[in-house]
Amino acid sequence: MSSIETFKTEDSLMAPFFNKQKISIERGEGVYVFDEEGNRYLDFTGGWGVTSLGHAHPVILDALLEQGKKIIQNPNSGLTYSPARAKLLTVLREILPDHLTKIFFTNSGAESNDAAIKLARKTTGRTDVISAHGSFHGRTISTASATGQSKHRDKFHPLMPNYRFVEFNHLAAIERAMDGSVAAVILEPVQGEGGVRVPAKNYLKEVEKLCHKNGSLLIADEIQTGFCRMGPMFVTASLGVKADILTLAKGIAGGFPFGAFAVSKRVAEKIEIGDHGGTYCGNPLGCAVSYAVIQYLIKNRISENVLKMSKLALQHLSKTKNKYPDMILEIRGKGLLLLIDFGSEPMATQVKNTCLTNGLMVTQTNGTGIRVFPALTIEEQELEEGLAILDQVIAMISKCS
Ligand SMILES: Cc1ncc(COP(=O)(O)O)c(C=O)c1O
């Protein structure tokens, strides 16, 4: 097939949910991907924060092959035991905060949040969930209902009832919304899809205290921020925040569709057989890949690389902002979840498209932003290569406008 044929087939047969870019990716290697004609692009999208070890990483390939040769899906799925699952549980137990005593697996972030909401209701015997404006928690009907962005909600009424929204990073707003019906507060430690919004340092800890006082649970959605994306393994743990339920996915398995959630004793005590499950939950192949990815993150101190690359990127981007103050409104974010806010959606779209024609793939976020969101293993010269392309593109657009 050629790219042209692939475009034609997908455009005619695939449900048109995505506003696609005209590029057909055939393969990837490290931080680079190649289209069907063999053109090379630097990937600053991390597959939406998933491919944390880059593309075709040998540890992932080995885990896939080795486990695939043994078994992919257990007979009777979760009703039988699996050494691959036990290994992953053991390593997760080592990296998770001590108070999260039980772990379960999912296939995606939305499923992890869905399960968290179910369990929060069962644990507390209450109905309501507080979420933040600008949040993103998934696209199933219950997680879209928990998502604080109208574009993900408005066309799908009736949404699930009993969700309340408050301003993000605003403690008094959460305090006002608290009452005896609130089962849980669900929050991202840093809002990703909502435009890379970093709250005040004490925000999550204070929310934890408010939840505790009210008898409500705190669900920390670390689907985007977890597994070293922001530097530490988990943002909540690095801030000393004790969430009752921690939801995980994306970077957990470096590209293999996989997720998890971990719960505190209070939640675990309420779990009964049959409350939750799923055909693929904790399937040996996903477990083996996730184990390999997590071991790699730990052994290679990827957290340190993220902090180093983040510092370099922020220094570089702040110079770019100073050079083009009329074009760039703000640079924000932490770790390798950074955003250049152009304050204009057409401008961000132009930057994204011009980057592509110059060999750099970026993600447009919340309309006006372009994310710097590469693999966590990215090296200095690769990062500089991508930032230099961004600079050139911004310079070109600035000359024309
Ligand atoms: C914070 C957060 N929660 C949940 C999700 C949904 O995850 P998935 O797309 O794997 O269902 C996302 C996806 O972007 C996310 O960023």
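Begin with the two domains, domain 1 and domain 2, whose centres, taken over C-alpha atoms, are separated by 26 Å. What you have open is a predicted model, in which local features need pLDDT of at least 70 and side-chain atom pairs count only at pLDDT 80 or more, while totals for chains, interfaces and linings use all residues. Residues are numbered from 1 along each chain as its sequence is written.

To colour the domains, select 3–56 + 301–400 for domain 1 and 58–299 for domain 2, bounds that come from an automatic or database domain assignment.

Next, turn to where they touch: 25 residues from domain 1 and 26 residues from domain 2 take part in the contact, where two residues are in contact if their C-beta atoms, placed from the backbone, lie within 7 Å. Among the elements that each supply at least two residues on the domain 1 side are helix H2 (46–49) and helix H12 (302–323), helices being DSSP runs (H or I, at least four residues) numbered from the N terminus. H12 gives the largest share of that side, five residues.

Now select helix H3, residues 58–70, and look along its axis. Ile60, Ala63 and Gln67 are buried in H3, meaning that 20 or more other C-beta atoms, placed from the backbone, lie within 10 Å of a residue's own, whereas an exposed residue has 12 or fewer. These buried residues fall within an arc of 65° seen down the axis of H3, so they line one face of the helix; the arc is that of the directions from the helix axis to the C-beta atoms. On the other side of H3, Pro58, Leu61, Leu65, Glu66 and Lys69 are exposed.

Finally, show helix H4 (83–95) and helix H11 (284–299), which are included in what covers the buried residues of H3.
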